[in-house]
Amino acid sequence: EKEATLLTRFKTPILELAASPDGKLIACATGEWHGKPGDLIVVDSNGATKATIPKWGVVPCGLAWSNDSSTLVAVGGRRRGIGEARIWNAVTGAITGVNWPAAKYLFVTVALSPDGRLLMTNDAYNVRVWDLQQNKMVFQLDHDTPQPVMGVAFSPDGQHAVAACGADSWESDDPGLLIVWKTLDWSEERRLPLDCGAFRVAWSP
């Protein structure tokens, strides 16, 4: 059994981690520190910094890699403020935004479809799905959940998507909800009530 070793160290807290599928890169979303907004820092398997994506409203919160490890999507923003989304190309180093209608609230979660075409995220009690190739919204759930959307995910075959809903507090006892859609036409397949709120959701391989 191999012992864990220190890979790298940041002066700010790490809010979220996401390793690229090929295992070569690790994306680290760092938190606000002494009034300075957080950054998205990408390091390699040796801990060397490969890219820094700064200038977030406050912090990046959600991270998602494409299956081929060529693209990293990060979302975040300021609490009770406009959500931000950025795309980093791991091959060219280019950083681009997402040309969708401005969000009303902070983004906290993001998912890419297995083919890298669809980008899914929250917007408070809503869900938005953007087609990155056609540059248009293909689905938007508008205030149809009892609690804010905290987690989203695509199934491994891309045929389904799910959103996890829960109160934005660890101390809340309010029930949560999972909503599952068919991505072919974004028809709702089922709603699964939960005894407690859900902050993340994932599909088994």
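**Pocket, cores and selected residues of a predicted model**

Strand E5 contributes the largest share of the lining of the largest pocket, namely 5 residues. The model is predicted, so to speak of local features requires pLDDT of at least 70, side-chain atom pairs count only at pLDDT 80 or more, and totals for chains, interfaces and linings use all residues. Residues are numbered from 1 along each chain as its sequence is written, and side-chain values use heavy atoms, with hydrogens and water left out.

The largest pocket holds about 650 Å³ of space. A pocket is here an open set of points on a 1 Å grid over the protein atoms alone, where a 1.4 Å probe fits, with protein on both sides within 12 Å along at least five of seven lines; lining residues have an atom within 4 Å of a point. The volume is the space filled by probe spheres set on the points, which are joined across faces, edges and corners. The lining comprises 30 residues, and Ala64, Val110, Ala111, Val152 and Ala153 lie nearest the centre of the pocket. Two or more lining residues come from each of strands E1 (14–19), E5 (59–65), E9 (110–112) and E13 (149–154); strands are DSSP runs of E with at least two residues, numbered from the N terminus. By class, the lining has 21 nonpolar, 7 polar and 2 charged residues, where Ala, Val, Leu, Ile, Met, Phe, Trp, Tyr, Cys and Pro count as nonpolar, Asp, Glu, Lys and Arg as charged, and the others, Gly among them, as polar.

The largest nonpolar core has 17 residues, and those with the most contacts inside it are Met120, Val127, Val129, Phe139, Phe154, Trp181 and Trp186. At least two residues of this core are supplied by each of E10 (118–123), E11, E12 (136–141), E13, E14 (160–165) and E15 (176–182). Apart from this core lies another, of 14 residues, among them Leu40, Val42, Ala51 and Leu72. Such a core is a set of buried Ala, Val, Leu, Ile, Met, Phe, Trp, Tyr and Cys residues joined through side-chain atoms within 4.5 Å; buried means under 20% relative accessible area, exposed over 50%, with partly exposed in between (1.4 Å probe, protein chains only). Beyond four places in sequence, Val127 touches residues including Met120, Phe139, Val149 and Trp181, contact meaning heavy atoms within 4.5 Å.

A polar atom of the Asn122 side chain lies 3.2 Å from the backbone oxygen of Leu106, and one lies 2.8 Å from the backbone nitrogen of Val108. Arg128, in strand E11 (residues 126–131), is among the residues in contact with Asn122. Arg128 counts as buried because its relative accessibility is 3%, and its side chain reaches the backbone oxygen of Pro101 at 2.8 Å.

Most residues other than glycine have a negative phi. His34, however, has a positive phi of about 55 degrees; it lies in the loop between E2 (25–30) and E3 (40–44) and is exposed, with a relative accessible area of 75%. Phi of Lys55 is also positive, near 65 degrees. Lys55 is found in the loop between E4 (49–53) and E5 and is exposed at 72%.

Technical notes: Helices (H or I, at least four residues) and strands (E, at least two) are DSSP runs, numbered from the N terminus. A polar contact is a pair of N or O atoms within 3.5 Å; within protein, one must be able to donate a hydrogen and the other to accept it, and residues adjacent in sequence count only if both atoms are side-chain atoms.
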